[in-house]
Amino acid sequence: MLQPNDPAQKIELYLRQVRSGLRSLPEPQVADILQELRSHILERAQSGGTLSDTVTDATLQALGRPLEVASLYVAENVMARAESSRTPWTVLRGVFLWAMLSLKGFLVLTVCLIGYLFGAAFFIAALAKPFNPHAVGLWTTGPDSYSLALGMTDAARHGRELLGWFLIPIGCSLGGGTILLTTHFGLFCIRRFQRARVTLGLGGSHE
Amino acid sequence: MDKWEVQLRRGCLELAILASLWPGRLYGLEILRLLEQDSDLVITEGTVYPLLSRLKAEGLLDSEWVEAEAGHPRKYYRLTPVGRRRVAAMGRIWSRFSASLNRLLSRVLKEEK
């Protein structure tokens, strides 16, 4: 990429690069972040009212690589969201932001999605049982088949239901347990991720 | 820098930022200058702003934009009542903790000399 010589252009290029790393955050927050960084850079780099070239370079270098700064913002944001209410929804949103940054985040998102889907399936089956007791259940499709079907299924015609009304307490506790476990797993991963990011950022200038 | 030292500095940074805001409102660069001057928490400047944004999201800090003579507005931070209680509690824990650690370490450092 062509490197601009003008200090003002260098600053704008830097901020554009930070912006490109902040795509997962809402626009008003991004605008606020960029304005604060711009204000910091201008105040540090202006000596005697004019932008000095060497001081601008030093200022940008002291701030750190633009994508690194952006990912710190995203990491802190993920952390704040997840810690603010610790509900499945906020954890999932936090992990979703992280998934856009790295493969690890994507893997954690996949595990969390599967966990929440399983949890929700148990719950829905338990809730639907009273309304349609003959169709909702945990079915085996035959004596020589071990396949299990949870929920409403046409297996009812030729299969056997295993749990009966026990589906309600078992579904509720398994559903609740799976959702709780997934939330804790998500939070645990987010905390580890955030610690690694910030440590990386701190070490940056001393490398 | 030693990995342990990086972790230690990182752990203290949050407390240092909150403590720097105890007397009143400051903007980001003032906090940075204060940290450089009053403590040897050498920090990459780019880590402070994201941390400030999280502390704000957690309700420990409040912020407002103020027009400055310099021509560009400054974002000032101040401690919220929750933030004040938090930094006071963190300070008490820290001073108890460091006092006992210093007692232990005084023997190590004396013999090393």
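Modeller: Helix H1 of chain B, residues 3-20, has 18 residues and reaches 25 Å from its first C-alpha to its last, which is close to the 26 Å expected at 1.5 Å a residue, where the expected span is 1.5 Å times one less than the number of residues. This is a predicted model, in which local features need pLDDT of at least 70 and side-chain atom pairs count only at pLDDT 80 or more, while totals for chains, interfaces and linings use all residues. Residues are numbered from 1 along each chain as its sequence is written, chains are lettered from A and ligands numbered from 1 in the order in which they are written, and side-chain values use heavy atoms, with hydrogens and water left out. Helices (H or I, at least four residues) and strands (E, at least two) are DSSP runs, numbered from the N terminus.

H1(B) bends by about 30° at B:Leu13, the bend at a residue being the angle between axes fitted to the seven residues ending there and the seven starting there. B:Leu13 is also among the buried residues of H1(B), which include B:Val6, B:Arg9, B:Cys12, B:Glu14 and B:Ile17; buried means under 20% relative accessible area, exposed over 50%, and partly exposed in between, with a 1.4 Å probe and protein chains only.

A salt bridge is counted when a side-chain nitrogen of Lys or Arg is within 4 Å of a carboxyl oxygen of Asp or Glu, and the whole structure holds 14 of them over all chains. In one, the side chains of B:Arg54 and B:Glu58 meet at 3.1 Å, N to O; B:Arg54 is buried, with a relative accessible area of 4%, whereas B:Glu58 is partly exposed at 27%.

Strand E1 (residues 26-27) is joined to E3(B) by 2 bridges, and strand E2 (residues 61-66) is joined to E3(B) by 6 bridges. B:Tyr77 in E3(B) has B:Leu26 opposite it and also B:Ser63, while B:Trp65 stands opposite B:Lys75. Of the 6 residues of strand E3 (residues 74-79), 5 are buried, so this strand is largely enclosed by the rest of the structure.

B:Lys75 itself is buried, at 7% relative accessibility, and A:Asp32 is partly exposed at 24%. The two form a salt bridge, with their closest N and O atoms 2.4 Å apart, and because B:Lys75 lies in strand E3 of chain B and A:Asp32 in helix H2 (residues 27-45) of chain A, the pair joins two chains. A:Arg44 forms a salt bridge with B:Glu36, the closest N and O atoms being 3.7 Å apart; A:Arg44 lies in helix H2 of chain A and B:Glu36 in helix H2 (residues 28-38) of chain B, so this pair joins two chains as well.

Definitions and conventions: Pairing = 2+ DSSP bridges.
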